[in-house]
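Open the model in your viewer and keep the selection panel at hand. The stops below are taken in order.

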Amino acid sequence: MLTKVHTGLDPVPGVWWKPAHKAEKLWVSIAFAWCIVLFAMMPLWHWKGGQNPSGVRTRVDPKAYYARTVAFAKQYKVGDDRGLPIVQPPPGADVYLVALTFQWFPILKLQQGKEYMLHLSSLDVNHGFSLFPLNVNFAVAPSFDYALRVTPTAAGDFRIICNEFCGIGHHTMVGRVIVVDSTGQAVADNTAASLGHGGAR
Amino acid sequence: MTSAALPAPGYSPPPGLAAYRTCPVTARKINLQAETLIKVNAVVSIVALLIGATAALLLALTRWQAVHLLPAVWYYRILGVHGMNMLIFFIIFFEMAVLWFASTVLLNARPAAPKYGWFNFALMLVGSLTVEAMQWSGRADVLYTSYPPLKAHPLFYLGIILFAVGALGVVGQFFATLTIAKREKTYEGSMPLVVYGAMAAAIIAVITLLHGAMVYIPTFLWSIGVIREVNPQMYRLLWWALGHSAQQINVAAMVSIWYMLGGLTVGAVVLNEKVSRWAFVLYILFISMASAHHLLVDPGFGSAWKIVNTSYFMYMAVLASMVHGFTVPAGMELGMRLRGYTTGLFGWLRKAPWGDPGFSSLIFSVVVFGFFGGITGVTIGTEQINIIAHNTLRVPGHFHATVVSGTAMAFMGATYYLIPLIFRRKVAFWKLAKAQPYLFTFGMLTVEFGMTFAGSFGVPRRHWDISFSQAPFDVPFNPAVDLFLAMIGIGGILAVAGAYSFVLIAVKSVFFGERIAEFPKGVVVAGIPQGLTNPPVHPANADELNEQLHAPSRGFLGPTPGTLVLVGVFFVAFMLYYFTNWKLLSFLWKIG
């Protein structure tokens, strides 16, 4: 027996706890199975996939982190551009990047195909790390050190955009990452930037 | 409607509170004090919409890089104004009206402590005016999220607290009114599904507003120097337990309005009360964890925490939306079939009243919310896929599809029915009203596609100048991005024209509209939606017809084959979009 025909505006007399029709059961089952797939994809990608936001996360004093970054920049400095040091650490090294209103410090020079431990933190307010043109985005918060294992897969001249509102100069906050290939060349101009090309050709 | 919901036999209103009128369409008893509360909340809501829409126009014309209207300071300031007015003041004042409507009008009940209702309304109004003053005077340039260590004037936080206290008070009155209705037996059996959905929204509102207190009280104390520091990650965690759960109030309220408009416009029936009510319960149980999907690429939380909180629990809320996404159109289909529109798979849809702004709003709200808002939201809310979406324009692309094309559109559709039913006036500019849902939806879809595509190229949200003219390094975006930003500008103009039309229609109708003495039956009247002059009545043998449509011989397609095909299309679109994003993610650097 079905519940008496009624709209959602009518009070429901009697017992309305009735079995659903097959069509409804079918859709609920499909939707539930799909939700399980949505869930399973995440642990699966940790296991088999190459891009995960896990990293190593620690609490850090913002001033101490800034000092560490300045020391790192001095140690591996190979040049400068617009007043910012270009820093080329050896493959496998811990790489420090600090966000402060309205600057990314320093400029990084990395090698294609090598793994680095990239540390992100902020000296002052929240910032957003957005690697252009790859569209890789991470949140950067003061007093948290977000260390991600990264392996650049293509050479090129990349930018870091700030994508978390950090104050009135937010839109001027751009940093630079250079990735060189095995011959030491950064092949790219970003005019050919597009999804799917790894940002470089 | 199939049966007029009259008070139970023997019902008599308490002495001194007999100020009722009887609705000429639904025969419900409407308490006049409650009616006034519905009216004032709805009017303030529409004023907030007007401010928010004007802000939206300025923002769209700034993000359209070729126009780039506002200077930087005003862009960020107006962005904060837009967020507060749209996501908080417009939506929550309207929801207060919905709560009063559902608990009193739909249950023939009197409101609990109406004077206290005025007190709460005043608190909310003072709170919102304080926030407006702080934002417009440039003392709260911290955007809608106000993440510390960015600091605003203490009155900004205090204004939000006052507003939230008032809203919490109204929610309390809603529960008290439900209790009164039950005790005074103003209805028979279980409360209507629409009221049940509003109750789910109210419960989520309690959870949301408590999180709001947890986040804004310490932040207020920090702003006046009592607390030395607010942990930026803890703030983001608690803020999103407010910010996202607030959207779940909207979803529950919106789905209730879907059921309501379905009933009013096409005689949509409730397929199965158990299934629909369970879906509302899932919203309540699983939504506060959804805070986590705003923190997927944050440094403060581990992967296990992120996966458990976004998926294991949040996907149960996704399940709930997918269930409503079936039961709402299926209820409409069955309602139409019972009324004789039985041709083919989609005869019921073709013969639907597309010229009724209540119906067109409903169908656009369901379709855009589900296909655009739902699919993009679940996809970018996946732990790893969030890497290619976080804080890009893909995020506002998603939530404009849910909150604006979904919730706001549904609220507008409801207003076209509330104007004659509650304000007892004709809807002014009737031809414009009929076109408004089409204009608004088309404009918003253009904005949403523009944002989503631009975001896929990495264009950040909340950003004044993506030409980076004052930055030390060039950022040469793909030229296609200019096209997508132009879509935001042009779509924004159209959508704001749609929003302005709505405000114009609502204000003209409410204050100067032609009064309706009685609703003529069986004729078409300009200014009165067809669901009120030609109510979608089911035939006397509806129950018998319903049994036939449910007969096992009709197979698993059952009574609603058209809807089953539609959700099939939805499911394929969902899978395609979801797995395409995993593919795009796999092109990136190796990150772990």
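Predicted model: local features only at pLDDT ≥ 70, side-chain atom pairs only at ≥ 80, totals over all residues.

Residues are numbered from 1 along each chain as its sequence is written, and chains are lettered from A and ligands numbered from 1 in the order in which they are written.

Select A:G14, in the segment before α1 (22-48) of chain A (helices are DSSP runs of H or I, at least four residues; strands are runs of E, at least two). A:G14 counts as exposed because it has 10 C-beta neighbours inside 10 Å (the cut-off is 12 or fewer). From A:G14 to A:A31 is 17 residues in sequence and 30 Å in space, C-alpha to C-alpha.

Next, select the contact between the chains: 84 residues from chain A and 99 from chain B (C-beta atoms, placed from the backbone, within 7 Å). On the chain A side, α1(A) gives the most, with 17 residues.

Now show β10(A) and strand β3 (residues 590-591) of chain B, antiparallel and joined by two bridges (pairing needs at least two DSSP bridges). Here A:V150 stands opposite B:I591.

Finally, select helices α4 (residues 154-183) and α5 (residues 193-223) of chain B, which pack at about 155° with axes 9 Å apart (axes are lines fitted to C-alpha atoms over the stretch in contact; angles run from 0 to 180 degrees between N-to-C directions). The angle makes α4(B) roughly antiparallel to α5(B) (over 145 degrees).

How values were computed. Buried ≥ 20, exposed ≤ 12 C-beta atoms within 10 Å, placed from the backbone. Parallel < 35°, antiparallel > 145°, perpendicular 65-115°, else oblique. Contact = placed C-beta atoms within 7 Å.
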